[in-house]
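The sequence and structure are shown first.

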Amino acid sequence: MNAAPPILPGLDIVACAGEGGMSTVWKAYSHRLGMFVAVKILKPELMSNSEDVELFVGEAETMKKIDHPGIVKCYGLANAQGLWYYTMEFVDGYNFGSLLQRKQHLSEDDCLGICESVSVALDYAWNTQGIVHCDIKPDNIMINTSGEVKITDLGLSRIFAQTAADQTAAGASDQVLGTPAYISPEQVFGDVQIDCRADIYSLAASLYHLSTGRVLFPGRDSSEMMRAHCDNAVSAADPRTYNPGLSLGFCQLLEAMLVKDRSARIQSWKDVYAMCRDVESGVQFMMRDTAFPSSMKIG
C-alpha cells in the first residue's frame with residue numbers, strides 16, 4: 001500500500017498493518033491510552049455509501065459489547081478528518097491464514113488448541129450477547145507473540161435473539177453472509193435464524209484447511225463451493241488422506257461439527273470444547289448416524 005499515513009487526533013500513525021476490501025488497518029500510538037493500538041479506517045471512497053458506513057460502524061459497536069481476552073477489543077469509534085475509524089487492540093503476531101501460506105499444514109495439537117480457544121471466546125460472545133461471528137476463517141483467527149489466540153474482524157457479525165418468537169419476527173433475509181470456503185449451509189440459505197452452530201461449522205471448515213492444507217471443496221468457484229456445503233451428496237475426503245498423522249478422534253470431531261443439518265450438528269460451544277479435551281485424552285467416539293450427512297466423511 002502506497003497511501004500516505006492519515007493524520008488523526010491523538011494518534012501517531014506508525015505503519016500500515018494491512019488492507020482489505022473495505023478498510024485499511026494502521027499501527028498507531030494512542031496518547032489517550034498510552035499504548036500502541038490498531039486503527040481500522042473505512043476507505044474514503046466508501047464514505048458516501050450508507051450501507052458500508054452502517055456495516056463498519058456496526059462492527060465497532062459489536063466489538064465494544066464484548067470484553068473477552070480471546071476477542072480483539074475495540075477501544076472507541078470516531079469520525080474525524082472526514083473519515084470513519086475505530087481503535088482496537090493491536091495484536092503483535094499473525095493470522096493463521098498467513099501462517100498456512102508458509103507451512104504445509106498445522107499439527108493436530110495446534111488445531112485442537114485453536115479450537116479450544118475459539119470455543120471459549122465464542123461461547124462467551126453467544127451466551128452473553130447473542131453474537132454470531134458469521135465469518136470464522138483462518139484469516140480471522142490470530143495468535144500473538146505470547147501464544148494467545150484472538151478472534152478478529154467482526155464485520156459480518158450479527159446479534160441474534162435467542163428466542164424463536166424474536167427470530168421469526170425478524171423476517172427473512174436474502175443476503176448471504178460469509179466466506180464461501182467456510183460458510184455454513186444455513187448461511188447459504190440466508191436463514192436469519194442462524195445461531196452459534198453456524199460458527200461451529202465454519203470453525204470446523206477452517207480446522208480442516210489448517211490440518212490438511214486444503215479447503216473442504218477445492219477446485220470450485222464461489223457459487224459451486226456454497227452449493228457443495230448444502231448438497232447432501234457432496235462431502236470432502238477424510239483429512240487423513242492429506243495428513244495421515246491425524247487421529248481418528250480429531251477426524252470424528254470435525255465430522256460432527258460439519259454435519260449439514262444443524263439440528264444433528266454439535267449443539268453448543270461447550271460441547272465442542274469438551275470433545276476437544278476428549279480427543280486430547282485419546283478418546284474415540286461412537287460412529288455418527290450416517291442419516292445426517294456431513295461435509296466431511298471418515299474412511
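The model is predicted. In it, strand β8 (residues 141-144) and β9 run antiparallel and are joined by three bridges. Within this region, Ile-141 stands opposite Ile-151 of β9.

**The three-strand sheet**

The pair belongs to an open sheet of three strands, ordered β6-β8-β9 and paired antiparallel. Because β6 (93-95) and β9 (149-151) each have a single partner strand, they stand at the edges, and one side of each is left without a neighbour in the sheet. From one strand to the next, the twist averages 30°. Helix α3 (residues 108-129) lies across β8 and β9 and runs at about 45° to β9.

Asn-140 is located in the loop that lies between β7 (131-132) and β8. Is this residue, Asn-140, buried or exposed? With a relative accessible area of 4%, Asn-140 falls under the 20% limit and is therefore buried. Setting aside neighbours within four places in sequence, Asn-140 is in contact with His-133, Asp-135, Lys-150, Ile-151, Thr-152 and Asp-153.

**The five-strand sheet**

A second open sheet has five strands in the order β1-β2-β3-β5-β4, with antiparallel pairing. Its edge strands, β1 (11-19) and β4 (74-80), each pair on one side only. Ignoring direction, neighbouring strands of this sheet are turned by 25° against each other on average. Strand β3 (residues 35-42) runs antiparallel to strand β5 (residues 83-89), and five bridges join the two. Helix α1 (residues 50-65) lies across β2 (23-30), β3, β4 and β5, at about 25° to β5.

| Helix | Lies across | Angle |
|---|---|---|
| α3 (residues 108-129) | β8 and β9 | about 45° to β9 |
| α1 (residues 50-65) | β2 (23-30), β3, β4 and β5 | about 25° to β5 |

**Packing of α3 and α8**

Two packed helices are described by the angle between their axes and the distance between the axes. For α3 and helix α8 (residues 248-257), the axes come within 11 Å and cross at roughly 40°. This angle makes α3 oblique to α8. The crossing in which α3 passes α8 is left-handed. On the α3 side, the contact is made by Glu-108, Cys-111, Leu-112 and Cys-115, and on the α8 side by Phe-250, Leu-253 and Met-257. Six residues of this contact are nonpolar and one is charged, with no polar residue.

How many of the ten residues of α8 are buried? Nine are, so α8 is largely enclosed by the rest of the structure. The buried residues of α8 are Gly-249, Phe-250, Cys-251, Gln-252, Leu-253, Leu-254, Glu-255, Ala-256 and Met-257. They pack against α3, α6 (196-212) and α9 (269-280).

Tyr-242 lies in the loop between α7 (222-230) and α8. Its relative accessibility is 28%, so Tyr-242 counts as partly exposed. Not counting residues up to four places away in sequence, Tyr-242 touches Tyr-208, Thr-212, Arg-214 and Ala-237. Ala-205 is 37 residues from Tyr-242 along the chain, and the C-alpha atoms of the two are separated by 15 Å.

Definitions and conventions: Residues are numbered from 1 along each chain as its sequence is written. This is a predicted model: local features need pLDDT of at least 70, side-chain atom pairs count only at pLDDT 80 or more; totals for chains, interfaces and linings use all residues. Side-chain values use heavy atoms; hydrogens and water are left out. Two strands pair if DSSP finds at least two bridges between them. Helices (H or I, at least four residues) and strands (E, at least two) are DSSP runs, numbered from the N terminus. Axes are lines fitted to C-alpha atoms, for helices over the stretch in contact, and angles run from 0 to 180 degrees between N-to-C directions. Contact means heavy atoms within 4.5 Å. Angles under 35 degrees count as roughly parallel, over 145 as roughly antiparallel, 65 to 115 as roughly perpendicular and the rest as oblique. A crossing is left-handed if the near helix is turned anticlockwise from the far one by less than a right angle, and right-handed if clockwise. Ala, Val, Leu, Ile, Met, Phe, Trp, Tyr, Cys and Pro count as nonpolar, Asp, Glu, Lys and Arg as charged, and the others, Gly among them, as polar. Buried means under 20% relative accessible area, exposed over 50%, partly exposed in between (1.4 Å probe, protein chains only).
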